[in-house]
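My entries follow the structure.

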Amino acid sequence: MSREEQRFIADHPKSAALYQRAQQSLLGGVPMNWMKKWAGKFPVFVAEGRGAHFTCVDGREYIDLCLGDTGAMTGHSPAPTVEAVARQSQRGMTLMLPTEDAVWVGEELARRFGLPFWQFALTATDANRFAIRIAREITGRPKILVFNYCYHGTVDESFITLAPPETRAEAEARAANKPRAPRESGPRRGNIGPAVNPAETTRVVEFNDLDTLETALANGDVACILAEPVLTNVGIVHPDPGFWARASDLARQYQSLLILDETHTICSGPGGYARAHDLHPDMFVIGKPIAGGVPAAAYGSTESVARRIALRIQLEDCDTGGIGGTLAGNAVSLAAMRATLEHVLTPAAFEHMIPLAERFTEGVAAAIAEARLPWHVTRLGCRAEYQFGARPPRNGGEAAAAMDFELERFMHLYALNRGILLTPFHNMALMSPATTAADIEAHAHVFGAALAELTS
Ligand SMILES: Cc1ncc(COP(=O)(O)O)c(C=O)c1O
């Protein structure tokens, strides 16, 4: 690691100088706190990004497999989006009035995702927040339910985790057929200044655990389940076969709404995971790549939810209800969404991206097998992820337990020093319409070399 750190510093003198300068004006020397998490001693400062590549201020070129942690799944600055943004920018950027693009986008979202009514926000975080508020308002219930180690953006209610899995005493008690005590929950590690203990607002259960899900819903106080259909933020954790069918039934039975957050799982295909697997959420959230990297997000509702909302929101109060944002639904975001949906995130694009992710997965799996490491690699559509455990985890708790921060940083820095960017969180690689087979081969080569060094 120290050899790699020295190499990184030597290769990036201009980024180092900018980082030094930034100490005087940016908190921690970065525009956003988590940018400190990049594996080098400082972040690489970007000169230009295009398609699946970018160059840094030191003139080095990188294959970008992070792709803005999905915000740039379209590739950087896709031409149709850039043109639409340029065109709309000449004609007014934020008007507080709708443009025709809004109607086009609403119709397209309804066609793609199957929910008839849409609203906009600037981030997926906000879209989730608004969906949760609506769920609480129309059900009259106080709590939400999330899965352990979920991530839905900076939504206060979601920063909660379960205490670690059962102790030996608990396991023995279960072996003696005593009922399992419910696991404690509390603020997630690192939760900054929580307004209240999220245990007051939120019930949290492990993914793929239908029994505890039912127990939690049976309390009758859960307004909604907020979930990714496949966990993607603690590595990839797939649902067991039949999990979502039964979980959806339980949500209906206990009258909790199901909100699917497909901000990342849009990697499954043009209609997201729900369309591909015939799931029918009450509300649907999407953000990040939907406008090709321009800030934009959307949330959709079924007809029944839309009717219930209409009954609750009074005209006089509709601007101060806690849902909105002056710049939400602005003309530039909507023009960008329209162009991205029409020309970039197309079925043809997914036909290019998904086989590349398959190829990525095969290359990584072969290198893991050759190095005889107890790791594995998982894929969801055009996203792939290697994890430091022999078997795919079944839930967030297992996935979190398999994480190894030091090893992760080493793998990321090793790749970065050889021209490949992975996300700074876990080990995700994403394909864009501009990613090529050569990019994937390059990663396989570097990954294999890292494992050879680790195991030599
Ligand atoms: C599933 C999911 N939902 C929502 C968000 C929040 O997106 P944003 O940070 O753009 O608000 C994220 C961010 O990683 C996410 O992974």
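The entries below go from the ligand to the helix and then to the salt bridges.

**Ground rules.** I am working with a predicted model, in which local features need pLDDT of at least 70, side-chain atom pairs count only at pLDDT 80 or more, and totals for chains, interfaces and linings use all residues. Residues are numbered from 1 along each chain as its sequence is written, and side-chain values use heavy atoms, with hydrogens and water left out.

**Polar contacts.** Here I counted pairs of N or O atoms within 3.5 Å. The side chain of T125 has an N or O atom 2.5 Å from a ligand oxygen. For K288, the distance from a side-chain N or O atom to an oxygen of the ligand is 2.6 Å. H264 places a polar side-chain atom 3.1 Å from an oxygen of the ligand. I also noted the cover: the ligand taken alone exposes 390 Å², and the protein buries 84% of that. These areas come from the Shrake-Rupley method with a 1.4 Å probe.

**Helix α5.** I checked the length of α5: its 16 residues should span 22 Å at 1.5 Å a residue, and its end C-alpha atoms are 22 Å apart, so the two agree. The expected span is 1.5 Å times one less than the number of residues.

Of the 16 residues in α5, 12 are buried, where buried means under 20% relative accessible area, exposed over 50%, and partly exposed in between (1.4 Å probe, protein chains only). The buried ones include T125, D126, N128 and F130. After α5 comes G140, with a positive phi near 70°.

**Salt bridges.** I searched the whole structure and found 22 salt bridges, each a side-chain nitrogen of Lys or Arg within 4 Å of a carboxyl oxygen of Asp or Glu.

R136 pairs with E157, with the closest N and O atoms 2.8 Å apart. R136 is in α5 and E157 in the loop between β5 (143-147) and β6 (160-162), so the pair ties together parts 21 residues apart in sequence. R136 is partly exposed at 24% relative accessible area, whereas E157 is buried at 13%.

D101 and R338 also form a salt bridge, at 2.9 Å between the closest N and O atoms. D101 belongs to helix α4 (residues 100-113) and R338 to helix α11 (residues 331-344), so this pair ties together parts 237 residues apart in sequence.

R418 meets E4 in a salt bridge of 2.9 Å, N to O. R418 sits in the loop between α14 (405-416) and β15 (420-421), and E4 in helix α1 (residues 2-11), 414 residues apart. I found E4 buried at 0% relative accessible area, and R418 partly exposed at 25%. R3, E4, R418 and E453 are linked in a network of salt bridges.

Conventions:
A polar contact is a pair of N or O atoms within 3.5 Å; within protein, one must be able to donate a hydrogen and the other to accept it, and residues adjacent in sequence count only if both atoms are side-chain atoms. Helices (H or I, at least four residues) and strands (E, at least two) are DSSP runs, numbered from the N terminus.
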